[in-house]
Amino acid sequence: MRRPASNPRRVTAPPGRVRASGGLGAITGASARPSGPPGQSISLVEVTDLHKAFDGNEVLKGISVSAERAETLVVMGGSGSGKTVFLRHVAGLLRPDEGQVRVFGVNIEKLSEEELLPLRRRMGFVFQGAALFDSLTTYENVAYPLREHTNLSEPEIRERVLHFLSLVGLGEESLELLPAELSGGMRKRVGIARALVSEPEIMLFDEPTAGLDPTNSKLVADLIAQLKSGVCDTAIVVTHDLDLTKTIATRVAILIHGRFAAVAPLEEILRSREPEVQAFLAGEATTA
Ligand SMILES: Nc1ncnc2c1ncn2[C@@H]1O[C@H](COP(=O)(O)OP(=O)(O)OP(=O)(O)O)[C@@H](O)[C@H]1O
Ligand SMILES: [Mg+2]
């Protein structure tokens with residue numbers, strides 16, 4: 001038995017940020033950061049009328065939603081409803097059949113892979129199932145984005161890796177372990193540390209608590225909630241975990257039959273009289 005994981009510490013940025021300056025200007029000729037008057041909400045992600053089908057299977061039938069700076073947008077929906085497909089469009093990993101995906105103010109649906117790279121570096125992904133490199137240790141997994149995208153020295157890399165691992169509640173004893181030697185909860189947290197290490201402007205989480213026991217689910221939920229006041233204040237989280245949603249959501253979008261049946265703060269969603277939304281929530285309550 002491995003020791004239970006310690007509580008993640010308060011999530012703050014380390015000294016001297018590594019955040020990539022973008023290279024966005026090369027694409028847009030504009031400033032890399034969306035700007036506007038103080039207090040005005042700014043969409044980091046704006047999806048408009050997104051359609052996607054696979055071999056005639058219409059998965060997304062015209063969905064529109066935005067994620068504003070400093071909010072945590074949670075996308076809920078049943079298994080197979082298209083949540084991962086939605087998130088992969090935001091990351092530019094899938095191309096829409098119709099509609100627009102704007103990220104950091106840039107329409108990404110027609111960008112080449114090369115043009116997408118600087119934008120992707122400003123996003124942190126935590127994929128469904130963690131998606132760690134099986135042959136790399138915890139340390140090397142978290143160091144990977146820094147080795148690929150920065151010129152940091154080895155001592156600087158080590159400092160950052162240790163910092164972000166400690167933020168997710170992992171200590172030096174995990175450094176040399178391979179993914180197969182980690183528990184499911186630890187793997188998730190290594191995945192989160194690897195996504196955070198580049199200090200993204202927006203985090204994308206796909207089912208961050210799936211497969212975790214209630215204790216580890218709560219640790220991950222608290223960790224995501226703490227990101228807001230620390231390293232990354234904006235997130236899109238895809239989940240069917242209502243407890244997680246209650247902990248982190250600024251707004252919730254419910255994906256049913258390829259459309260958003262509702263996009264609103266959770267309290268409003270919970271009060272919704274929309275039959276599809278009620279049926280979905282009743283189903284979640286019984287499976288939670
Ligand atoms: N690359 C692909 N090729 C063909 N079909 C796909 C592809 N990706 C997803 N699909 C289909 O799109 C639908 C939605 O899949 P998706 O993975 O987005 O569901 P989900 O809501 O994330 O489900 P879960 O909660 O189980 O993760 C499914 O019917 C799936 O088979
Ligand atoms: Mg999925």
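This is a predicted model: local features need pLDDT of at least 70, side-chain atom pairs count only at pLDDT 80 or more; totals for chains, interfaces and linings use all residues.

Residues are numbered from 1 along each chain as its sequence is written, with chains lettered from A and ligands numbered from 1 in the order in which they are written.

**Stop 1: the ligand.** Select ligand 1 and the 13 residues around it; F54, S79, K83, T84 and V85 are the closest. (A residue counts as near if its C-beta atom, placed from the backbone, lies within 6 Å.) β2 (57-68) and α2 (83-90) each give two or more residues to this shell, and α2 has the largest share, three residues. Helices here are DSSP runs of H or I with at least four residues, strands are E runs of at least two, and both are numbered from the N terminus.

**Stop 2: the sheet.** Now show the four strands of the open sheet, ordered β2-β1-β4-β5 with antiparallel pairing; pairing takes at least two DSSP bridges. Zoom in on β1 (residues 43-54), joined to β2 by nine bridges, and pick V47 to find its bridge partner V65 in β2.

**Stop 3: two helices.** Select α4 (138-149) and α6 (184-196): their axes, lines fitted to C-alpha atoms over the stretch in contact, are 7 Å apart at about 25°. That makes them roughly parallel, a label for angles under 35 degrees.

Methods
Axes are lines fitted to C-alpha atoms, for helices over the stretch in contact, and angles run from 0 to 180 degrees between N-to-C directions. Angles under 35 degrees count as roughly parallel, over 145 as roughly antiparallel, 65 to 115 as roughly perpendicular and the rest as oblique.
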